[in-house]
Every structure is written in C-alpha cells, then in structure tokens.
Amino acid sequence: MTEIFHLNCVKILSPYADNVCGHCLLLRQKDQMALIDTGIGLLDSQIPEERIGHELVKITGYQFDENQTAVRQIERLGLNPGQVTDCIISHLDNDHIGGLADFPHATVHVSSEEYENYILGNPRYLKIPLQHNPVIKTYGTSDRLWFGLEARKVAIALDVEMVLIPLPGHTLGHCGIAIKNGDKWLFYVADAYYLREELSNIDHPVNKLAEMRADDNKLRIDTVDKIRRLMQDHPEIEIFGYHDISEFEHYDSK
Ligand SMILES: [Zn+2]
C-alpha cells in the first residue's frame, strides 16, 4: 500500500493570486519514500539572494519559511528524510527543484527533453539546484499510451505504477505525473496551468502570465486543451496542478 501526503512547499505573493502554493506529493511505502516535485529547499529559504537571486525573488514574490520546506515537513511527520530514494520532477524551474539538495542521495527522474534544454543553457533555469550532482535518470519518447496521451513509465524504488505524461509548453520538456493509487488514478499536471480557473475562463489575467512564462505558447495552449478534454471524458481521474491553493486546500482539509 502506498501512503500519499500532499505538501505545500512554496509560498508566493503574486499580483495574480494572493497566495500561490507549491503542491508536492510525498509517497511512502514501509521505509522508502518518493517526492513528486520538491518546492523551495532549506538553503533557498536560508540564503535566497545567493541561491535564487534578488531579482527573481522580487519579481516572483517568494516568501521564505524554513518550516515549509519538504525536508522539515517530512521530519514533522515523524519520518526520516534520508529514506527519500527518488524525486520525480515535472520540469526544472527552481520553484520545483530547489529542495533537491535536501535529498542528495535521491535519484532525480525527469524527461529527456527537459534535461536537454536545461543542459543547453535556457536562461530560465538556475544551475544551483543541481549543483550537488545527483543521479539523474531521463525518459525519452514512448509508444505507450495512458488515456490516449503519451506515457513514459517511471522506474523508482517504490512499487507503484507511475508514468510521466508530456505536457509541453510551459517548458519544452514539461511533464505531468500520473500515479495509480488503489483503483484510482491521480494526475498531477504541475504548471500546465497556474490556476484551475484558466481552464474555464480564458480571459483570466493569469493567462497573460502563463503565456509570458511559456517556452512555447502554442504547445501550452494544446496542453491545456488536452487536460480539459481528459477532465470531460474521465471525471474519475483526480487532476490537480502545482500552484493553485484552492486545489491544495481540498486535500489539506481531508
Ligand atoms: Zn512553477
């Protein structure tokens, strides 16, 4: 059996929404754990200017609190962060991977396109979050399908059915992560949208930000369409993203 914890590991005060979160997942089986995206890390919260830079901190509206990092939350759950064996990453923006350094022995799983674009020096990425040289496992194109979408099977230490689903646009290798939990699928779509409202209200001002931050806006719009269709055709799938606090609170209050 897999135990799943929803952890909010980011706080951003943005003009588009006054409380923006970072909705990470912690999966646990006996003495092994996996994290899906890692949020802001301990060092980020202690020396943000050095790790993230004054400009980016200000523009984004980051608020730092060491107690909100995944590592501190895992400790508060009475668990041992040293038992995190794998971190599965949607994309390599710093608000998703700042925490990797707190789990230096965990293998990092990411799409090939995302890692390639990172290595090629796309200026949106920070180098510091991977400077501890973790083991990185990349996943390339696959013929396998999951509800009609391309699916790349992820191999981690835990015994759990998990696939990376390419949802490009925000970044070129951006992926969602689908996890089988009992007889139900969870589908974490990361930054495919910032706020769920974008799906129904294309005039929402946050769409402008999404467009601005997209490496390929046409691909981003296609991705949002795919998610919309999946929600309509398969309401049984639990779908949520990274930054929408109302989605996070839905789980947090359970
Ligand atoms: Zn993000």
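Colleague: What is the site of the zinc ion like, going by the angles among its four donor atoms?
Modeller: Irregular, with angles of 82 to 176° among the four donor atoms. Bear in mind that this is a predicted model.

Colleague: Which residues coordinate the zinc ion?
Modeller: Asp 95 and Asp 191 each through OD, and His 96 and His 243 each through NE2, at 2.1 to 2.4 Å.

Colleague: How are the donor residues spaced in sequence?
Modeller: The pattern is D-H-x94-D-x51-H.

Colleague: Is Asp 95 buried or exposed? And what about His 96, buried or exposed?
Modeller: Asp 95 is buried, with a relative accessibility of 8%. His 96 is buried as well, at 0%.

Colleague: Switching to cysteines. How many disulfides are there in the whole structure?
Modeller: The search finds zero. For Cys 21, the nearest cysteine sulfur belongs to Cys 24 and is 8.9 Å away.

Colleague: OK, the nonpolar core. Which residues of the largest one touch the most other members?
Modeller: Leu 27, Ile 36, Ile 88, Phe 103 and Met 162, out of 60 residues in that core.

Colleague: Which strand gives the most to this core?
Modeller: Strand β2, residues 17–29, with six residues.

Colleague: What is Phe 103 in contact with, leaving aside its neighbours within four places in sequence?
Modeller: Leu 35, Ala 70, Val 71, Ile 74, Pro 81, Val 84 and Cys 87. There is also another core apart from the largest one, with 18 residues, including Trp 146, Leu 167, Tyr 193 and Ile 237.

Colleague: Back to β2. How many bridges join β1 to β2?
Modeller: Nine, and the two strands run antiparallel. Strand β1 covers residues 3–14. A hairpin through two residues joins β1 to β2.

Colleague: Which residue in β2 is the bridge partner of Ile 4?
Modeller: Leu 27. Leu 27 is also one of the residues that touch the most other members of the largest core.

Colleague: What is the strand order in the open sheet of five strands?
Modeller: β9-β10-β11-β12-β13, with mixed pairing. The edges are β9 (152–153) and β13 (238–240). Each has a single partner strand, so one side of each is left without a neighbour in the sheet.

Colleague: And how does β11 pair with β10 and with β12?
Modeller: Strand β10, residues 162–166, pairs with β11 in the antiparallel sense over five bridges. Strand β11, residues 175–181, is joined to β12, residues 184–188, by five bridges, and these strands run antiparallel.

Colleague: Which residues pair up there?
Modeller: Pro 166 stands opposite Cys 175 in β11. Ala 178 has Phe 187 as its bridge partner in β12.

Colleague: How many residues of β11 are buried?
Modeller: Five of the seven, so the strand is largely enclosed by the rest of the structure.

Colleague: What is the phi of Gly 182 in the hairpin of β11 and β12?
Modeller: Positive, near 65°, in a hairpin with two residues between the strands.

Colleague: Which residues other than glycine have a positive phi?
Modeller: Among them are Lys 30, at about 45°, and Ala 190, near 50°. Most residues other than glycine have a negative phi.

Colleague: Where are Lys 30 and Ala 190 found?
Modeller: Lys 30 is in the loop between β2 and β3 (32–36). Ala 190 is in the loop between β12 and α7 (206–213). Lys 30 is exposed, with a relative accessible area of 77%, whereas Ala 190 is buried at 0% relative accessibility.

Colleague: Last one. Where is the place of Ile 47?
Modeller: In the loop between α1 (42–46) and α2 (48–51). Ile 47 counts as partly exposed, at 32% relative accessibility.

Key:
Residues are numbered from 1 along each chain as its sequence is written. This is a predicted model: local features need pLDDT of at least 70, side-chain atom pairs count only at pLDDT 80 or more; totals for chains, interfaces and linings use all residues. Side-chain values use heavy atoms; hydrogens and water are left out. A disulfide is a pair of cysteine sulfur atoms within 2.5 Å. Donors are N, O and S atoms within 2.8 Å of the metal (3.2 Å for Na, K and Ca); water is not among the atoms, so sites may look incomplete. Four donors count as tetrahedral if all angles lie between 85 and 135 degrees; four count as square planar and six as octahedral if opposite donors are over 155 degrees apart and all others between 65 and 115; anything else is irregular. Buried means under 20% relative accessible area, exposed over 50%, partly exposed in between (1.4 Å probe, protein chains only). A nonpolar core is a set of buried Ala, Val, Leu, Ile, Met, Phe, Trp, Tyr and Cys residues joined through side-chain atoms within 4.5 Å. Helices (H or I, at least four residues) and strands (E, at least two) are DSSP runs, numbered from the N terminus. Contact means heavy atoms within 4.5 Å. Two strands pair if DSSP finds at least two bridges between them.
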